[in-house]
Amino acid sequence: MGIIELKDITFNYQNELLLKDVNLELFYGDHACLIGSNGSGKTTLFNLIIHNLTPDKGQVNIVNNLKIGYLDQHTNIDKHLTGYQYLYGVYQELFEQEKRMNDLYASIEFCATDQHELILIKAQKIMDILNDADFFELKSAIERTAIGLGLSQDILAMSIGEYSGGMRSKLILTKLLLDKSDLLLLDEPTNFLDIKHIEWLVTFLNEYKGSFLVISHDTSFVNDIAKIIFSLENYNITKYRGNYDFYLTEREIRNTRYLKEFKNQQILIQKSERFIQRFHAKASLASRAQSRKKALEKLNKLPPPAKELVVRFDFKNSLPSGRDVLVTNNLTIGWDEPLIEDITINIIKESFIVIIGKNGVGKSTFLKTILNKIPALSGSFKWNVSAIINYFEQDNNLDVEATPFYLAQNIYPDKTIPEVRNMLASFGINYDHQNRALKLLSGGEITKLRLCLLSKNESNVFILDEPTNHLDVNAKRALKSALLNYKGTVILVSHDQDFYNDLASTELKFE
């Protein structure tokens with residue numbers, strides 16, 4: 001048995017099937033990725049592995065004393081801690097050992113001389129433990145990992161309450177990577193990472209001595225780190241021994257073979273049914289007809305090949321804006337202190353602007369400033385009077401207890417129930433998930449819903465802040481197509497270079 005084994009796992013949510021007879025085995029040193037469309041059950045599978053959920057059928061077997069590190073970007077963190085304090089928590093036990101050692105050395109001053117040797121022996125034993133754990137290299141190790149993921153010393157010295165969403169996610173990932181787990185379970189680790197930080201993470205994972213299972217929709221990242229692909233489709237898992245490119249090639253071969261087998265079986269079934277229908281009442285052939293009927297009943301019938309979910313996004317255009325959509329003059333943005341100073345730009349109508357830059361530099365702050373959500377520190381900005389703005393913000397502020405159908409019906413009161421359901425389905429939210437509370441949906445499904453709710457708004461300026469986080473390949477393709485068809489001005493903040501490379505007319509790099 002491997003370090004973890006999922007055996008014949010079946011899991012339903014409110015009578016809706018998510019996983020059926022799933023088998024998965026991971027061995028020590030395996031570097032694997034779990035792929036599948038939004039809502040297919042990938043995060044559910046992680047929660048089964050860490051025993052946050054219990055399967056309806058089957059077993060989850062884990063070897064004794066296996067240390068599992070799970071990347072949960074929704075982890076609650078004390079906002080009053082600094083980044084350093086949060087990361088040092090990984091080594092709390094060692095810091096306590098160091099304190100005991102220092103206390104022993106300090107006690108020598110106040111105890112009898114004949115006790116000195118015993119105290120020094122005890123202190124040395126602790127020193128040996130700390131040296132074995134490379135304790136005195138901790139600070140440099142923490143800084144190397146944090147800087148590799150884009151967290152500078154200045155950021156680590158800040159309180160977590162001052163962090164952007166991206167900085168917070170990086171901090172959680174940094175702590176997890178420092179924790180030396182036997183198995184890493186990483187759910188979308190590249191969200192909010194710049195290209196160079198993704199490259200650092202690729203190197204880290206390729207050199208990782210333990211095992212990992214990574215959920216990601218970043219196909220380039222998966223291709224660079226995976227030695228095994230587990231593909232979750234049609235409630236079950238298929239294993240591919242290779243990277244993402246190998247998976248694509250092998251999946252096509254398997255699908256072609258399966259389609260041929262399915263068609264041949266359907267021909268056999270149809271011939272058998274015609275024979276049975278024709279000769280079941282004819283005395284001379286009735287026994288043969290009965291024999292074929294029994295054989296047909298015993299036949300292991302192949303299910304139809306799965307159809308790839310078709311996702312279509314569409315955003316409505318209003319009348320065109322004036323030529324100069326947005327003009328800023330010496331604009332300085334920030335909160336208590338400036339983040340970026342003297343921004344002077346002129347955005348022309350129907351241009352596609354991509355804003356790039358490392359986390360925490362002020363990209364989202366810039367958007368919130370020009371949308372009058374926070375005040376400018378100095379300088380000015382002016383929108384064209386004809387500008388009509390649609391805005392996809394980075395943070396999700398929807399009611400997590402509500403369902404997609406409820407929210408969409410309130411946004412679109414004039415639509416019939418079938419029209420609302422069809423609209424949600426076109427954005428990739430299937431019927432079963434339309435009546436599920438948001439807190440139980442995947443990150444990708446929530447992003448699709450938020451885009452769906454924006455599709456009602458007519459606009460000539462569309463501002464999007466990291467819209468591809470959590471989206472699967474089909475949804476990214478649909479969003480790219482919709483933005484190409486959008487006739488207005490687009491202002492996009494994104495780390496996803498593969499997504500925006502052939503979209504942008506202008507890149508603005510914030511530093």
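In which helix is the place of Ala123, and what surrounds this residue?

Reply: The model is predicted. Ala123 belongs to helix 4, which spans residues 116–132. Its relative accessible area is 0%, and because buried means under 20%, Ala123 counts as buried. Beyond its neighbours within four places in sequence, Ala123 is in contact with Met101, Leu104 and Tyr105. The C-alpha atom of Ala123 is also separated by 7.9 Å from that of Asn102, a residue 21 places away along the chain.

Just after helix 5, Gly150 adopts a positive phi of about 95°.

In one of them, the ring centres of Phe366 and Phe510 lie 5.4 Å apart with the planes at 90°, so the pair is edge-to-face. Phe366 is in helix 12 (residues 363–370) and Phe510 in the segment after strand 17 (506–509), so this pair ties together parts 144 residues apart in sequence. Phe366 is buried at 1% relative accessibility, and Phe510 is buried at 8%. Elsewhere, Phe313, Phe315, Phe427, Phe462 and Tyr486 form one aromatic cluster.

Charged groups also meet rings. Arg254 lies over the face of Tyr240, 4.2 Å from the ring centre, while the charged end of Arg292 sits over the ring of Phe275, at 4.0 Å from its centre.

Notes. Residues are numbered from 1 along each chain as its sequence is written. This is a predicted model: local features need pLDDT of at least 70, side-chain atom pairs count only at pLDDT 80 or more; totals for chains, interfaces and linings use all residues. Side-chain values use heavy atoms; hydrogens and water are left out. Helices (H or I, at least four residues) and strands (E, at least two) are DSSP runs, numbered from the N terminus. Buried means under 20% relative accessible area, exposed over 50%, partly exposed in between (1.4 Å probe, protein chains only). Contact means heavy atoms within 4.5 Å. Rings of Phe, Tyr and Trp (its six-membered ring) pair if their centres lie within 6.5 Å; planes under 30 degrees apart count as stacked, over 60 as edge-to-face and the rest as tilted. A charge sits over a ring if NZ of Lys or CZ of Arg is within 6 Å of the ring centre and within 35 degrees of the ring normal.
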